[in-house]
Amino acid sequence: MRVRRPIIAANWKLHKTIAEARQFVDDLQPQCAGLEELDVVLAAPFTALAVLHERLQTTPFYLAAQDVFWEAQGAYTGEISAPMLLDVGCTYVIIGHSERRQYFGETDDTVQKKVSAALQAGLRPIVCVGEALVQRQAGETFRVVAQQVERGLASCTGSDVVQIVLAYEPLWAIGTGLTATPAQAQEVHRHMRAVLGHLWGEEVANAIRIQYGGSVRPENIAALMAEEDIDGALVGGASLDVASFAQILLYGRSEPA
Ligand code: PGA
């Protein structure tokens with residue numbers, strides 16, 4: 001018996017027009033009939049959110065954005081705020097994805113501000129952490145990930161933390177076809193839970209859901225989900241194709257158990 005409800009999210013990144021997003025949902029829904037034991041989240045580009053929200057009304061899927069700004073409003077050309085995301089129907093928002101850290105100057109400090117703003121507006125953050133290959137090779141994985149968790153969630157109370165989903169995404173596994181082995185992912189997830197327990201107590205640590213992300217595919221999802229501390233997945237490339245995403249939601253099976 002799982003203690004935590006599994007959560008699998010599609011992260012479409014910079015992909016899909018409005019028409020493609022709509023088609024994806026229409027095709028996905030029939031393939032997921034009877035799939036009640038997990039939360040399914042679609043993180044779409046900003047431009048597709050409004051239409052998807054409308055489309056998702058009759059489905060159990062949750063809508064997510066891929067980023068958010070920390071101020072609610074003001075002179076910040078090009079930014080989108082947490083109240084705006086709530087207004088367009090988002091339940092979740094991805095914060096601190098490694099691509100945002102790498103290409104757009106995201107730091108643990110901006111992650112912390114965004115997490116705070118999202119929670120305050122009533123959005124549930126999916127907070128991404130993960131080590132680079134050189135850090136893993138230097139034996140720094142636990143330290144790096146612990147620091148990202150601690151700093152990114154610095155302003156949170158225990159009741160905030162249980163609203164958050166963490167995603168462990170080793171940078172060397174994202175979009176590379178190299179997946180962390182289930183054992184490698186499990187040991188980092190366990191460590192993250194220990195860090196959370198130290199900071200917010202056992203009960204909070206046991207309640208928070210931790211996804212794995214990095215080259216998740218229909219072929220490896222079952223083994224990852226079999227690990228005790230892996231509560232779901234954040235799926236990039238394999239979430240763009242509806243058949244492969246549906247297979248992942250079914251843990252590689254051909255139909256719901
Ligand atoms: P990937 O991306 O599944 O294509 O490796 C995962 C992510 O970046 O969230």
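Trainee: How far is a polar side-chain atom of H97 from an oxygen atom of the ligand?
Mentor: That distance is 2.7 Å, a polar contact (a pair of N or O atoms within 3.5 Å). Keep in mind that this is a predicted model, where local features need pLDDT of at least 70, side-chain atom pairs count only at pLDDT 80 or more, and totals for chains, interfaces and linings use all residues. Residues are numbered from 1 along each chain as its sequence is written, and side-chain values use heavy atoms, with hydrogens and water left out.

Trainee: What about S215 and the ligand?
Mentor: There a backbone N or O atom of S215 sits 2.7 Å from a ligand oxygen atom. For G236, a polar backbone atom is 2.9 Å from an oxygen atom of the ligand.

Trainee: And how much of the ligand does the protein bury?
Mentor: The protein buries 95% of the 280 Å² that the ligand exposes alone, by the Shrake-Rupley method with a 1.4 Å probe.

Terms used:
Polar contact = N/O pair within 3.5 Å; in protein donor to acceptor, adjacent residues only side chain to side chain.
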